[in-house]
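User: Hi! I am new to reading protein models. Could you walk me through a few features, step by step?

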Amino acid sequence: MRPGFDFERRMLDMDWHLVEAFNMNDIDTALLQEMVPTLTYALVTETACTSPRLSCKLIRILQLVVETFIECRKGDAYDAHVLQEDLIAVSNERDSFRLRLKEAKTDVKALKAQLARCTTLLKSCSQVLHAQGCSPHTIAAVESMLATSDSMMSTFTPTTDATMPKVAHLCAFCGKAFGTQDYLLKHIDRRHASTSEHEVHMKKATADSADTLQALQNELAIERAVANELKLARSDLQWR
C-alpha cells in the first residue's frame with residue numbers, strides 16, 4: 001500500500017437493482033468488473049439493507065470481487081517472479097559475453113604480435129631474395145603474402161608503441177634475432193653469403209612462413225567473427 005493512502009468517503013447510492021439482476025449461477029466476469037466501482041464506493045447503511053436476501057447476495061458478490069482481486073495479485077506476483085528470473089539470466093549472459101570479449105581481445109592482441117613477427121620475416125626474405133637474384137616466381141609469392149599480411153594488420157585498430165610489443169627481426173637461416181632490419185641484412189651478408197646455402201634456407205623459411213601466415217590469417221578471421229558476434233550480442237543485451 002502506497003504511503004499516505006486514505007479511504008474515500010462513500011457518497012454513492014447502492015444500485016440494488018443491479019445486485020438483484022446479477023446471476024450467481026452463471027457468473028459474468030465482465031459484468032462483475034463493471035460493478036466494482038459501485039460496490040466499492042457506494043454507501044451501505046442499515047436502513048438501506050431492508051432485504052436480508054439482497055444483503056446476503058451482496059456479500060457473496062463482494063466475495064467474488066475479493067477472490068478476483070486475490071487472483072490478480074497472484075498473477076502479478078508470478079509475472080514479477082518470471083521477470084526477475086529473466087533479468088538474472090540476462091545479467092549472467094551479459095557477464096559471460098563480457099568475459100568472452102575480454103578473452104577474444106587478448107587472443108587478438110597475441111595474434112597481432114605474431115603476425116607482425118611473420119610480416120617482418122617476410123620482409124627480410126623478400127629483400128634477401130631480391131639481393132640474391134632468386135626466381136621471380138618465388139619473389140612474387142613472398143611479396144603477395146607480405147601484401148596479404150599488411151592488409152590483415154590494417155583491419156585492426158592501430159595500437160600505440162606502449163601497447164604493441166616490439167618485434168624481433170629473425171634471421172631466416174639461423175634464427176638469430178636482431179633489433180633492426182639493417183643489423184639483420186648485415187648479418188646475412190657476413191654469415192650467409194653462400195648462394196646455395198641461401199637458396200635452400202630461404203625456400204624453407206618461405207614455406208614455413210607461408211604456412212604460419214595462413215594459420216594466423218585463419219585464426220584472425222575466426223577472432224574477428226567472434227568479436228563481431230559478441231558486439232552484436234552486447235548491443236542486443238543493452239536494448240533489453
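Analyst: Happy to. Let us begin with an idea we will need: a residue is buried when its relative accessible area is under 20%, exposed when that value is over 50%, and partly exposed in between. Asp-95, at 36% relative accessibility, therefore counts as partly exposed. Keep in mind that this is a predicted model.

User: Thanks! How many salt bridges does the structure hold?

Analyst: A salt bridge pairs a side-chain nitrogen of Lys or Arg with a carboxyl oxygen of Asp or Glu within 4 Å. The structure holds 2 of them. In one, the side chain of Asp-95 meets that of Arg-94, at 3.4 Å from N to O. Arg-94 has 34% relative accessibility, so Arg-94 counts as partly exposed.

User: And which side chain does Arg-53 meet in a salt bridge?

Analyst: Arg-53 pairs with Glu-20, with 2.9 Å from N to O. Arg-53 belongs to helix H3 and Glu-20 to helix H1 (residues 16-21), so this pair ties together parts that are 33 residues apart in sequence. Glu-20 counts as partly exposed because its relative accessibility is 37%.

User: Is Ser-55 buried or exposed?

Analyst: Use the cut-off from the start: buried means under 20%. Ser-55 has 17% relative accessibility, so Ser-55 counts as buried. Ser-55 sits in helix H3, which covers residues 52-132. Apart from neighbours within four places in sequence, Ser-55 is in contact with Trp-16 and Cys-49.

User: What about nonpolar cores: which residues have the most contacts inside the largest one?

Analyst: Think of a core as a set of buried nonpolar residues joined through their side chains. The largest here has 14 residues, and Met-14, Phe-22, Leu-39 and Ile-61 have the most contacts inside it. The elements giving two or more residues to this core are H1, helix H2 (29-41) and H3. H3 gives the most, with 5 residues. For a closer look, pick Ile-61: leaving aside neighbours within four places in sequence, its contacts are Val-19, Phe-22, Met-24, Leu-32, Met-35 and Leu-39. There is also a second, separate core of 6 residues, including Leu-115, Leu-213, Leu-216 and Leu-220.

User: One last thing: which residues does the "coiled-coil region" annotation cover?

Analyst: An annotation comes from a record, and it may be inferred rather than shown by experiment. The unreviewed UniProt entry places the "coiled-coil region" at residues 94-121. In the model, that span is 100% helix and 0% strand, and its end C-alpha atoms lie 41 Å apart.

Definitions and conventions:
Residues numbered from 1 in each chain as written. Predicted model: local features only at pLDDT ≥ 70, side-chain atom pairs only at ≥ 80, totals over all residues. Heavy atoms only, no water. Helix = DSSP H or I, 4+ residues; strand = E, 2+ residues; numbered from the N terminus. Buried < 20%, exposed > 50% of the residue type's maximum accessible area, 1.4 Å probe, protein only. Contact = heavy atoms within 4.5 Å. Core = buried A, V, L, I, M, F, W, Y, C linked by side-chain atoms within 4.5 Å.
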